[in-house]
Structure formats: structure tokens, C-alpha cells
Amino acid sequence: DDCQFNLVPYWKKSFEEILKEIPDDCEIFLIANRKYQKGDWNIIKVKDYSDFVGVCYIITKKGMDKLDKFIEGKNIDLKLDNIIFDQGFMENFVVYTYDTPLILLDNFKFDSTHNFNPFFLQTESKYIIENFNEIFL
């Protein structure tokens, strides 16, 4: 309920191609990201906590194994009550994304289940929409 997939028809790669390109050491791959410029469709490592986006992502097998160990040993401080909301645990993982936006970060139709003030997501999505030609064409 937190995103829209309106940009998918403009992707330069299919979802299957994206999955095949995920690096071997990747534990979480962000489908949602905070990249707003026209990128070269390169996969980049996410190093800055402020770039983690918990809207839409893939946890790889390697990432699930690590998450299982954290949960079993209780070695992770989620900082939030809901494990599904993720920025609090992403800093413990190897995270990658693309250098270009893949989806809109807000669906504009529903309140976010985790963000009680989704205005910043709407602002980011509106920027992508307003600059669509420069980013995708």
C-alpha cells in the first residue's frame, strides 16, 4: 500500500533481468530508492543509512539466513515494534539498489501503514513525475 509501480513500463530492464544482476554478496535489494536523477541503470551499493527505503525491497536467501540468525540470537535491535518496517535493521545488511528510480514511493491513495506523515514520500514521488522526461526518456 506504500508504493506505485507506474514506472515499470519505462524500465530499461525486465524484473527477471534485475533479479539476475543482483550481486552475490547482496542481502537486501531495494526496489524503492531515493535516486531521482537519470541513472545508467547500474547497481550500486547503498552505504548511507539515509538512503535506506523500507517501501519495497527483496531480501535474498543470504539476507534471510542472516535475519534468521539475528532473530534466533536476538542480536538485532530493530528500534521499531514492527520487524516488517525495515530501516532499523537494514544497517546490519549488505544493501544494493539501482542508480535510477524504479517505483514511486507513495501511492497517494492510502495512508502509509508505517509512516504517519507520508508527505515526504509524496514530495519525492511528485519530483519524479515532474521530471519524468529527463529521468526516463
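Residues count as buried under 20% relative accessible area, exposed over 50%, and partly exposed in between (1.4 Å probe, protein chains only). The model is predicted, so local features need pLDDT of at least 70 and side-chain atom pairs count only at pLDDT 80 or more, while totals for chains, interfaces and linings use all residues. Numbering starts from 1 along each chain as its sequence is written, and side-chain values use heavy atoms, with hydrogens and water left out.

Salt bridges (a side-chain nitrogen of Lys or Arg within 4 Å of a carboxyl oxygen of Asp or Glu) come to 4 in this structure. One of them joins Lys61 and Asp65, at 2.8 Å from N to O. These two sit 4 residues apart in helix α2, which puts about one helical turn between them; helices (H or I, at least four residues) and strands (E, at least two) are DSSP runs, numbered from the N terminus. Lys61 is exposed at 61% relative accessibility, whereas Asp65, at 31%, is partly exposed.

Helix α2 (residues 61-73) also supplies Lys66 for a link across 39 residues to Glu27, in the loop between α1 and β1. Glu27 is buried at 8%, and Lys66 is partly exposed at 25%. Asp25 and Lys45 form a further salt bridge (4.0 Å, N to O). Asp25 is partly exposed at 30%, and Lys45 is partly exposed at 41%.

On to the sheet: 4 strands make an open, mixed arrangement in the order β2-β4-β1-β3. Pairing calls for at least two DSSP bridges between two strands. The edges belong to β2 (43-45) and β3 (57-59); each has a single partner strand, so one side of each lacks a neighbour in the sheet. β1 (residues 28-30) runs antiparallel to β3 over 3 bridges, with Phe29 opposite Ile58.

Phe29 turns up again in the largest nonpolar core, which has 23 residues, and Phe29 and Ile103 have the most contacts inside this core. Such a core is a set of buried Ala, Val, Leu, Ile, Met, Phe, Trp, Tyr and Cys residues joined through side-chain atoms within 4.5 Å. Two or more residues come from each of β4 (95-98) and α5 (132-136), and α5 gives the most, with 3. A second, separate core has 10 residues, among them Ile28, Leu67, Phe70 and Phe89.
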